[in-house]
Amino acid sequence: SGAQWPVLKGKHQGPVVVLLTDDQDTLDELEELLQATDCSPICTSDLRAGRGLLAEVGDQVDLLVLDMDMDGLRGASSLRTVRELVPDLPLLLLSAEATTPDVQRVVTSGMVRSMRKPIDHALFGSLLTDILHPERVFAGDFTPVPLSRSHDSGRWTRARRPGSTRPRPA
């Protein structure tokens, strides 16, 4: 049930992004990046749980980041399942390999973006901005969220813009 996902119990900041991958390193890395960009990530490596989440509360989700290299994922048929559950949900597909023609057809059908692994952090931030805040592109202010890794903690945070005196959000 949706109650198992604390982010959906009420107050959350920023867009809700579901991250579905069975690669723990990718999951940890992208969860940090999503939090650093003021998103509310829901991360899982369980395909069945992800499908159940989308079926129950997909209308509260702003973006699905789906690792196409997951065991048990069946390419275009899995994407059709997502579309049946949540027709208008934007998707960001991750893959270490070039996309297959079936998946490429889905990508070109709209509301789907793709990105190769390993993750390029600047590109990931740009894609998030493009998908979650498309008005910024049309307003001519397409500035990806700058991210930097803290030397002390090793965690990803918003980078302070040169000359900025505004404190960074916590």
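Colleague: Accessible areas come from the Shrake-Rupley method with a 1.4 Å probe, and for residues only the protein chains shown count as cover. With that in hand, what does the accessible surface of the protein come to?
Modeller: Bear in mind that this is a predicted model, where local features need pLDDT of at least 70 and side-chain atom pairs count only at pLDDT 80 or more, while totals for chains, interfaces and linings use all residues. Residues are numbered from 1 along each chain as its sequence is written, and side-chain values use heavy atoms, with hydrogens and water left out. Carbon and sulfur atoms hold 49% of the accessible surface, and the total is about 9600 Å².

Colleague: Which residues touch the most other members of the largest nonpolar core?
Modeller: A nonpolar core is a set of buried Ala, Val, Leu, Ile, Met, Phe, Trp, Tyr and Cys residues joined through side-chain atoms within 4.5 Å; buried means under 20% relative accessible area, exposed over 50%, partly exposed in between (1.4 Å probe, protein chains only). This core has 22 residues, and the ones touching the most other members are Leu64, Leu66, Leu91 and Leu93.

Colleague: And which element gives the most to this core?
Modeller: β1 (16–20), α2 (47–57), β3 (63–67), α3 (75–85) and β4 (91–95) each supply at least two of its residues. With four residues, the top contributor is α2.

Colleague: What does Leu91 contact, leaving aside its neighbours within four places in sequence?
Modeller: Contact means heavy atoms within 4.5 Å. On that basis, Leu91 is in contact with Leu63, Leu64, Leu79, Val82, Arg83, Met111, Val112 and Arg113.

Colleague: Now the helix pair: are α2 and α3 roughly parallel or roughly antiparallel?
Modeller: Axes are lines fitted to C-alpha atoms, for helices over the stretch in contact, and angles run from 0 to 180 degrees between N-to-C directions. For α2 and α3 the angle is about 25°, with the axes 9 Å apart. Angles under 35 degrees count as roughly parallel, over 145 as roughly antiparallel, 65 to 115 as roughly perpendicular and the rest as oblique. So α2 and α3 are roughly parallel.

Colleague: Which residues in α3 do Arg51, Leu54 and Ala55 meet?
Modeller: The residues of the contact of α2 with α3 divide into four nonpolar, one polar and one charged. On the α3 side, Arg51, Leu54 and Ala55 meet Thr81, Val82 and Leu85.

Colleague: Is Gly50 buried or exposed?
Modeller: Gly50 is found in helix α2. From Leu19 it is 31 residues away in sequence and 8.7 Å away in space, C-alpha to C-alpha. At 3% relative accessibility, Gly50 is buried.

Colleague: What about Arg105, buried or exposed?
Modeller: Arg105 belongs to helix α4 (residues 101–108). Its relative accessible area is 52%, so Arg105 is exposed.

Colleague: Backbone next: which residues does the cis peptide bond join?
Modeller: Look at the loop between β5 (112–116) and α5 (121–132), where Pro118 sits. Omega is about 0° in the bond joining Lys117 and Pro118.

Colleague: Last one: what is the phi of Asp38?
Modeller: Asp38 lies in the loop between α1 (24–36) and β2 (40–44). Asp38 is partly exposed, at a relative accessible area of 31%. Although Asp38 is not a glycine, its phi is positive, about 65°.

Technical notes: Nonpolar A, V, L, I, M, F, W, Y, C, P; charged D, E, K, R; others polar.
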